[in-house]
Amino acid sequence: MAKDQIQYVTAPKVDDSRKKYCRFKKNGIKFIDYKDASFLLKFVNDQGKVLPRRLTGTSLKFQRKVAQAIKRSRHIGLMPYVTDSLK
Amino acid sequence: MQQYETVIILTPLLSEEAAKEVLTKFSKLMTDNGAEIIDEDNWGLKKLAYPIEKKTTGFYHLTTFKAPGEFINKLEVEYRRDERVMRFLTISLDKHAMAYSEKKRSGAFNKKKETKTEGVAK
């Protein structure tokens with residue numbers, strides 16, 4: 001886009017074009033299963049760390065549930081605590 | 001009587017029937033103490049994301065049951081005592097969790113979360 005060619009002095013905010021939404025509220029998901037590692041991998045970066053809300057766009061209530069589910073699945077060995085190339 | 005869900009991981013060194021024997025031991029312990037087992041789900045041998053006790057695989061077993069509150073401590077003491085159990089996790093289920101596990105047991109294919117991403121059967 002033309003916007004990208006312009007050199008900003010300060011870094012432009014990345015991909016603020018699309019409106020972030022909380023996928024749990026949107027789809028009416030009420031419970032995040034800690035045993036479902038494949039779903040939880042979407043909320044973890046490639047080092048296995050929990051992604052912040054500002055990137056995933058989830059609401060505070062569900063971010064806590066996701067973080068707790070990830071910690072539980074780490075405890076039972078479904079997800080790594082730290083890794084180098086997860087995805 | 002609260003509803004609980006517990007996942008235990010057994011060491012892979014066990015033979016098939018030794019693993020079954022451990023599971024029956026714990027389910028008997030549960031029924032003796034007035035717990036009512038709703039569902040047992042054996043995932044079998046699975047690879048662990050990181051080595052636990054120097055082992056990279058383990059027998060996973062999931063049990064959903066209703067039990068009086070004070071029984072959980074006893075159960076976990078038994079888990080700690082039995083060295084064949086590498087790791088365990090017991091959580092109490094609230095109404096959303098109960099609805100989810102009910103739905104998963106009845107229709108595994110129509111998991112709510114999966115419809116948005118991919119409708120693959122588990």
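Tutor: The discussion below goes from the chain contact to one strand and then to one residue.

Tutor: This is a predicted model, in which local features need pLDDT of at least 70, side-chain atom pairs count only at pLDDT 80 or more, and totals for chains, interfaces and linings use all residues. Residues are numbered from 1 along each chain as its sequence is written, chains are lettered from A in the order in which they are written, and side-chain values use heavy atoms, with hydrogens and water left out.

Student: How many residues does the contact take from chain B and from chain A?

Tutor: Contact means heavy atoms within 4.5 Å. The contact takes 24 residues from chain B and 21 residues from chain A.

Student: What buried area is found between chain B and chain A?

Tutor: Buried area is the accessible area (1.4 Å probe) that two parts lose on being put together, summed over both. For chain B and chain A this comes to about 2100 Å², with 66% of it on carbon and sulfur atoms.

Student: Why is the pair K35(A) and E5(B) called a salt bridge?

Tutor: The term requires a side-chain nitrogen of Lys or Arg within 4 Å of a carboxyl oxygen of Asp or Glu. The closest N and O atoms of K35(A) and E5(B) are 3.2 Å apart, so the pair meets the rule. Between chain B and chain A the count is 2 salt bridges.

Student: What makes β1(B) largely enclosed by the rest of the structure?

Tutor: Strands are DSSP runs (E, at least two residues), numbered from the N terminus. Buried means under 20% relative accessible area (1.4 Å probe, protein chains only). Of the 9 residues of β1(B), 8 are buried, so this strand is largely enclosed.

Student: How do you know that β1(B) pairs with β3(B) and with β4(B)?

Tutor: Two strands pair if DSSP finds at least two bridges between them. β1(B) has 9 bridges to β3(B), running antiparallel, and 7 bridges to β4(B), also antiparallel. I8(B) stands opposite H61(B) in β3(B), while L10(B) stands opposite V85(B) in β4(B).

Student: Why is H61(B) called buried?

Tutor: The relative accessible area of H61(B) is 5%, so this residue falls under the limit for buried. Among the residues that H61(B) touches are T6(B), I8(B) and E40(B).

Conventions
Buried < 20%, exposed > 50% of the residue type's maximum accessible area, 1.4 Å probe, protein only. Helix = DSSP H or I, 4+ residues; strand = E, 2+ residues; numbered from the N terminus. Lists of a residue's contacts leave out its neighbours within four places in sequence.
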